[in-house]
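Trainee: I would like to learn how to read a structure step by step. Please show me the model, and then I will ask about its features.

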Amino acid sequence: MNCLSFRRQLLVDPQSRQADLQAHAAQCAPCARALKRALAFEASLKAALLLDYSDGNDDDAHREGESDDRGDADPQESVYCVNGC
């Protein structure tokens, strides 16, 4: 496996345990660092998804069944504002 195919596979599945990926990471320091960064990023994503939002804070605009005001904007009005309200 070369570095390019390693990086492509890393983008597809950073947690892959394929033998050829592991072997390449063991032989190539830059790819080993890329694997370490990718795994750290995956762990931070998982941690963010596991956060407990049940603290009773009801001022959050993202309650079920509600949308923020930006989603209901008139597209023509948005274009007008971009061009100078």
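Trainee: Does H24 count as buried or exposed?

Mentor: Before the answer, note that this is a predicted model. A residue is called buried when its relative accessible area is under 20%. H24 has 11% relative accessibility, so H24 counts as buried.

Trainee: Where is H24 in the chain, and which residues does H24 touch?

Mentor: H24 sits in helix α2. Leaving out residues up to four places away in sequence, H24 touches M1, N2, C3, F6 and C31.

Trainee: How many helices and strands does the protein chain have?

Mentor: Begin with the list of elements, then read their order. The protein chain has four helices and zero strands. Along the sequence, the pattern is α-α-α-α.

Trainee: What share of the residues is buried?

Mentor: The protein chain has 85 residues, and 14% of them count as buried. The surface can be read as well: the chain exposes about 7200 Å², with 53% of that area supplied by carbon and sulfur atoms.

Trainee: What share of the contacts joins residues 24 or more positions apart?

Mentor: Take the contacts in the protein chain with a separation of 6 or more; residues 24 or more positions apart account for 45% of these.

Trainee: Where is C31, and is C31 buried or exposed?

Mentor: C31 belongs to helix α3, which covers residues 29-49. C31 is buried, because its relative accessible area is 0%. Beyond residues up to four places away in sequence, C31 touches C3, F6, R7 and H24.

Trainee: Back to α2. Which of its residues are buried?

Mentor: For a helix, list the buried residues and then look down the axis. In α2 the buried residues are L21, H24 and A25. Seen down the axis of α2, they fall within an arc of 100°, so they line one face of the helix.

Trainee: Which exposed residues are on the face turned away from the buried side of α2, and what do the buried residues of α2 pack against?

Mentor: The face turned away carries the exposed residues A19, A26 and Q27. The buried residues of α2 pack against α1 and α3.

Trainee: M1 was among the residues that H24 touches. Where is M1 found, and what is its relative accessible area?

Mentor: M1 is found in the segment before α1. M1 has a relative accessible area of 45%, so M1 is partly exposed. Not counting residues up to four places away in sequence, M1 touches F6, D20, L21 and H24. M1 and A25 are 24 residues apart along the chain, and their C-alpha atoms are separated by 9.9 Å.

Trainee: How is empty space found?

Mentor: Rolling a probe the size of a water molecule over the atoms shows where empty space is left. In this case, a search of the whole structure finds one cavity of 30 Å³ or more. The largest cavity has a volume of about 60 Å³.

Trainee: Which residues line the largest cavity?

Mentor: The lining is made of F6, Q9, L10, D13, P14, S16, L21, Q22 and L35. By class, this lining has five nonpolar, three polar and one charged residues.

Trainee: S16 is one of the lining residues. Where is the place of S16?

Mentor: S16 lies in the loop between α1 and α2. S16 counts as buried, because its relative accessibility is 8%. Apart from its neighbours within four places in sequence, S16 is in contact with Q9, L21 and Q22.

Key: Residues numbered from 1 in each chain as written. Predicted model: local features only at pLDDT ≥ 70, side-chain atom pairs only at ≥ 80, totals over all residues. Heavy atoms only, no water. Helix = DSSP H or I, 4+ residues; strand = E, 2+ residues; numbered from the N terminus. Buried < 20%, exposed > 50% of the residue type's maximum accessible area, 1.4 Å probe, protein only. Contact = heavy atoms within 4.5 Å. Areas by Shrake-Rupley, 256 points an atom, 1.4 Å probe, with all protein chains shown as cover. 1 Å grid on protein atoms, 1.4 Å probe; cavity = no way out; pocket = protein on both sides within 12 Å on 5 of 7 lines; lining within 4 Å. Points joined across faces, edges and corners; volume = space filled by probe spheres on them. Nonpolar A, V, L, I, M, F, W, Y, C, P; charged D, E, K, R; others polar. Arc of directions from axis to C-beta.
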